[in-house]
Amino acid sequence: DITVMADREKLLRVFINIIKNAREAMGENGVLTISVQVLKNMVRVIFEDNGSGFSSDYLNRAFEPFYTTRAKGAGLGLAYSRKVIESMGGEIIVGNRKDTIGAKVEIKLKKGKNL
């Protein structure tokens, strides 16, 4: 069992937002991989897709409220996600995959105590 210190409902909204963004970026033939790594005091949740990845301009502004590259986007998803994750003492990082095409979103949260 893996537990993290987090608000369950808010964390679920963050995860759904990341998954929706990846799905839209990849199209119907895309592949999204979600992995979890347990570190000493942290848990890393990594979302990697095989879409086109992020442009350098987008990476510089990804967490800026109302910034979007989509016609129907509001530009609030990652800004909200960052606020939520940081309020839980965590960190969210966006970037591109290193060895292949696609985007990568990494969330680090404090490890919780098993009950």
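Analyst: Happy to! Let's start with Arg82, which is partly exposed at 35% relative accessible area (buried means under 20%, exposed over 50%, and partly exposed in between, with a 1.4 Å probe and protein chains only). Its side chain meets that of Glu86 in a salt bridge, at 3.3 Å from N to O; the term stands for a side-chain nitrogen of Lys or Arg within 4 Å of a carboxyl oxygen of Asp or Glu. Glu86 is partly exposed as well, at 46%. Both residues sit in helix α3 (residues 77-87), four residues apart, or about one turn of the helix. Helices (H or I, at least four residues) and strands (E, at least two) are DSSP runs numbered from the N terminus.

A word on the basis: this is a predicted model, where local features need pLDDT of at least 70 and side-chain atom pairs count only at pLDDT 80 or more, while totals for chains, interfaces and linings use all residues. Residues are numbered from 1 along each chain as its sequence is written, and side-chain values use heavy atoms, leaving out hydrogens and water.

The whole structure holds four salt bridges. Another one joins Glu48 and Arg97, with the closest N and O atoms 3.9 Å apart. Glu48 belongs to strand β2 (residues 42-49) and Arg97 to the loop between β3 (91-96) and β4 (103-110), so this pair ties together parts 49 residues apart in sequence. Glu48 is partly exposed at 22%, and Arg97 is partly exposed at 26%.

Finally, Glu106 bridges to Lys108, again with closest N and O atoms 3.9 Å apart. Glu106 is buried at 8%, whereas Lys108 is partly exposed at 23%. Through shared partners, salt bridges join Arg44, Glu106 and Lys108 into one network.
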